[in-house]
Amino acid sequence: MLEAPPVDEPSGDDDDVVLGGSRDGSTATGPGDGKGEPGPAEGLPEEPPEEEVDEPEDLLDPTDVLRGLAGLLGGSSIDVGDVRVQGQNATGHGAVAIGTVNVTAARSDGAGRIWFETLVETKVRDIASGYANTPSDHRLDHHLQLHDLVCLSGPVGSGLITSATLAVARKHGFGRVRVLGVEQLSDLLGAETPLPAGHGYVLRLSEVVLREVDGFTLVALAARAATSGTTLVLAGDFSRRRHDLVGHVVEHRAAPAAEVFRAQLRHQLAGRCVGWCVDTCDGHCLEQYVDVDCAEHPLLSAYLAGEPSPSEVLKVVETIARTAPKAGALTERLEQFLPLQLRERAVEILDLRRGGDEIDGFTAEDVRAFRLSCAVLAGQPVAEIHQAAQRLARSQFQEVASIGVPLRASAIEALLGSTLSQAVTRLSDVRVPGGCRIDFPAGTKPLRSALLEVAWAEWWSPAELLDWLADLIRGDLPAVRQAAAGAIGWSATRDVQAALDTVGVLARERRAGVRQAAAIVLVAMAMQPTLHHRVRTELGRWTAGPAAHLRDTVARAYSLGLAQLWPDAALVQLRQVAQARMQRWNNSVVRGLVEVYRNDHAASVVPALVGWTASGDPEVRLHAARTLRVLADRWTEPPREHWPELLYLVDQGTIRLADLAVLWATALSLPWTAYRSWRSLGFWLDRADRQAVVAAHCLQLVRHVIAGQPALRHRLDHQLHHVWRPVMPHNSLLDDVERLIDEETR
């Protein structure tokens with residue numbers, strides 16, 4: 001059997017390379033045998049290329065491009081984003097992360113340096129009834145059974161204080177839980193400190209106090225707790241100290257957000273009928289409302305999949321529990337509420353004064369730029385993110401020296417801060433500089449656009465951000481260029497003219513990689529419904545204008561996903577672009593047409609290409625032939641894998657055999673496409689052998705192709721005897737092809 005022809009991946013050059021013969025399938029040579037440059041004999045003037053040899057082009061999958069842009073623009077996630085709020089729900093010494101508790105019998109040491117408050121037993125039980133068990137509860141309980149002091153480590157708003165409170169309640173009883181406050185941790189070591197025995201104490205450590213904690217202090221406090229018959233839980237973010245305090249620290253792991261949501265909503269709606277039950281309510285309506293109406297709601301399920309913190313979930317629960325809305329009312333409530341919390345989280349991340357982050361060795365501008373760079377360059381190596389952040393922080397966009405020493409894990413953690421650190425994932429990858437990538441999982445991708453929005457509105461001017469993003473596009477890394485392009489596309493809804501001006505400059509550059517990124521910007525803009533008219537108008541102006549690079553960028557945009565969005569416009573504008581001589585050295589037009597075809601528009605593409613073959617412009621005919629050559633290598637999915645896709649569409653009545661024959665005749669005749677086209681036709685005949693229905697269609701196609709075409713009949717005869725017969729000596733279908741040739745010759 002014939003070897004399958006290589007998949008025709010268009011490249012920057014025409015790839016019809018002559019291997020052992022001329023492109024028309026004969027053994028003669030002549031004008032046009034050079035690589036991709038037809039001579040005057042083929043009807044095109046012999047001129048030098050319009051541009052110099054360019055950098056290698058990045059072959060991108062349009063589906064991947066659209067998916068990546070959707071992650072930033074919100075198309076692949078919930079439209080309104082997910083939720084986060086600053087800090088805990090409650091404040092004060094008697095506050096916990098979920099639910100504000102009442103306190104009684106506040107006591108102090110008389111000097112005001114130590115105080116403790118007893119939590120009301122009924123309120124502690126109430127908290128427990130709405131509590132979702134965490135993965136770290138068992139370890140915390142075990143540690144408290146063996147020791148009198150434990151450091152429970154976790155970020156603010158993660159339910160840390162609630163877990164500590166209930167752990168103490170499980171050991172000492174619901175009425176013997178006390179919240180402790182101190183000026184300094186060393187104050188607890190004084191002999192006069194009145195801590196009644198038989199109780200458990202929860203002490204939340206501020207950032208300032210936490211820095212003073214050392215191993216000896218913990219040993220002394222543990223001895224004091226053991227002597228007085230008490231239990232002491234120090235709650236705070238020990239993430240930077242866990243290696244110093246090994247043996248004392250238990251890492252708090254929040255319960256899954258969906259479990260927190262269900263537990264809290266059931267708790268807050270307990271005893272209420274939410275199903276308009278007749279006569280008496282047995283509580284089944286509450287389970288239906290929580291588990292189906294709410295937890296399976298598209299907005300809520302996507303939000304919970306992002307694993308927001310317990311304090312964030314509580315805010316959502318409180319909003320729902322007020323009126324228990326359903327269906328459209330619930331959707332409306334969420335659409336109003338979730339974006340506000342999402343923006344609040346972005347503000348907390350970028351406004352270091354609100355986030356409470358103080359980072360040694362970095363200025364506030366460095367930290368803020370790093371966090372924004374994480375949003376723009378999600379999925380990229382931390383070294384590239386750091387370098388981009390340095391350029392933004394300096395706002396001069398000069399070439400930043402390569403970072404010789406990679407950031408340590410502790411530095412990355414500090415730059416991210418607790419809020420952003422919870423939203424991103426750090427992926428180890430030894431293949432990239434720094435050995436680490438930073439990405440946003442699916443549930444937190446909406447935070448990326450929220451960070452851009454806050455940065456745009458409050459921290460940098462649009463000109464600064466657009467110049468910075470354009471500077472990243474002019475770099476050498478394709479992935480960075482694509483990410484920056486998506487961010488410029490996002491910005492268009494804020495200032496469409498500024499975005500168009502920026503992409504216009506990029507689209508005129510000589511480097512193909514930069515123009516490719518400019519095309520991604522256009523795709524990102526087109527994905528936003530409010531910009532459709534403006535983008536179409538701009539593309540129409542570019543395709544009708546004289547600038548070759550602008551027209552090339554339009555073709556690239558259609559090949560990178562725009563053809564999936566606007567198939568009708570693609571057929572019109574790609575024909576205009578195909579007339580440009582520059583496209584002889586590019587295949588973006590073909591890729592764009594293939595994108596329209598493979599998205600269920602074959603019935604429109606094939607007749608349109610037939611019209612292209614009748615054009616008086618040789619460049620347009622060339623692109624029609626190139627497109628056929630690519631489509632000829634597509635085969636149907638199993639169990640019909642023996643069918644060429646185009647021929648199967650003929651069998652199904654989607655396209656006409658006569659139209660397909662016209663395209664084949666053009667591709668087999670033009671010197672630039674003949675060589676590969678004859679090979680593909682031979683492969684069709686090889687696969688059709690002993691497949692009666694496919695063979696019949698192939699013979700009909702060949703009959704239509706050579707009818708009234710003496711030159712093609714002669715070339716077919718040459719292929720049959722000098723190429724196909726030696727390779728396929730047992731192919732019985734070739735005998736039928738030979739009879740067709742004889743019949744046509746008579």
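**Close-up views of a predicted model**

View 1. Serine 228 is found in helix α6 (residues 215–228). Helices here are DSSP runs of H or I with at least four residues, strands are runs of E with at least two, and both are numbered from the N terminus. This is a predicted model, in which local features need pLDDT of at least 70, side-chain atom pairs count only at pLDDT 80 or more, and totals for chains, interfaces and linings use all residues. Residues are numbered from 1 along each chain as its sequence is written, and side-chain values use heavy atoms, with hydrogens and water left out.

Serine 228 has a relative accessible area of 18% and is therefore buried. Buried means under 20% relative accessible area, exposed means over 50%, and partly exposed lies in between (1.4 Å probe, protein chains only). A polar atom of the serine 228 side chain lies 3.0 Å from the backbone oxygen of arginine 224. The serine 228 side chain also makes a polar contact with the side chain of threonine 230, at 3.0 Å. A polar contact is a pair of N or O atoms within 3.5 Å; within protein, one must be able to donate a hydrogen and the other to accept it, and residues adjacent in sequence count only if both atoms are side-chain atoms. Leaving aside neighbours within four places in sequence, serine 228 is in contact (heavy atoms within 4.5 Å) with Leu195, Ala197 and Gly198.

View 2. Strand β3 spans residues 149–153, and five of its five residues are buried. Both faces are covered. Leu149, Cys151 and Ser153 lie on one side, with Val150 and Leu152 on the other. Strand β3 runs parallel to strand β6 (residues 231–236), joined by five bridges. Within that pairing, cysteine 151 stands opposite leucine 234 of β6. Strand β7 (residues 249–251) also runs parallel to β3, through three bridges. Here serine 153 has glutamate 251 as its bridge partner. Two strands pair if DSSP finds at least two bridges between them.

**View 3. Arginine 343 and glutamate 458.** These two residues form a salt bridge, with the closest N and O atoms 3.1 Å apart. The pair links distant parts of the chain, 115 residues apart: arginine 343 sits in helix α11 (residues 327–350) and glutamate 458 in helix α16 (residues 446–459). A salt bridge is a side-chain nitrogen of Lys or Arg within 4 Å of a carboxyl oxygen of Asp or Glu. By this rule the count comes to 28 salt bridges. Arginine 343 is partly exposed, at 27% relative accessibility. Glutamate 458 is partly exposed too, with a relative accessible area of 42%.

**View 4. Arginine 391 and aspartate 471.** The closest N and O atoms of this salt bridge are 2.8 Å apart. Arginine 391 belongs to helix α14 (residues 382–394) and aspartate 471 to helix α17 (residues 462–473), so the pair links distant parts of the chain, 80 residues apart. Arginine 391 is buried at 10% relative accessible area. Aspartate 471 is buried at 14%.

View 5. The side chains of aspartate 689 and arginine 690 meet in a salt bridge, 2.7 Å from N to O. Which of the two is buried, and which is exposed? Aspartate 689 is buried, with a relative accessible area of 13%. Arginine 690 is exposed, at 66% relative accessibility. Elsewhere, salt bridges that share partners join Glu259, Arg262, Arg266, Glu287 and Asp291 into one network.
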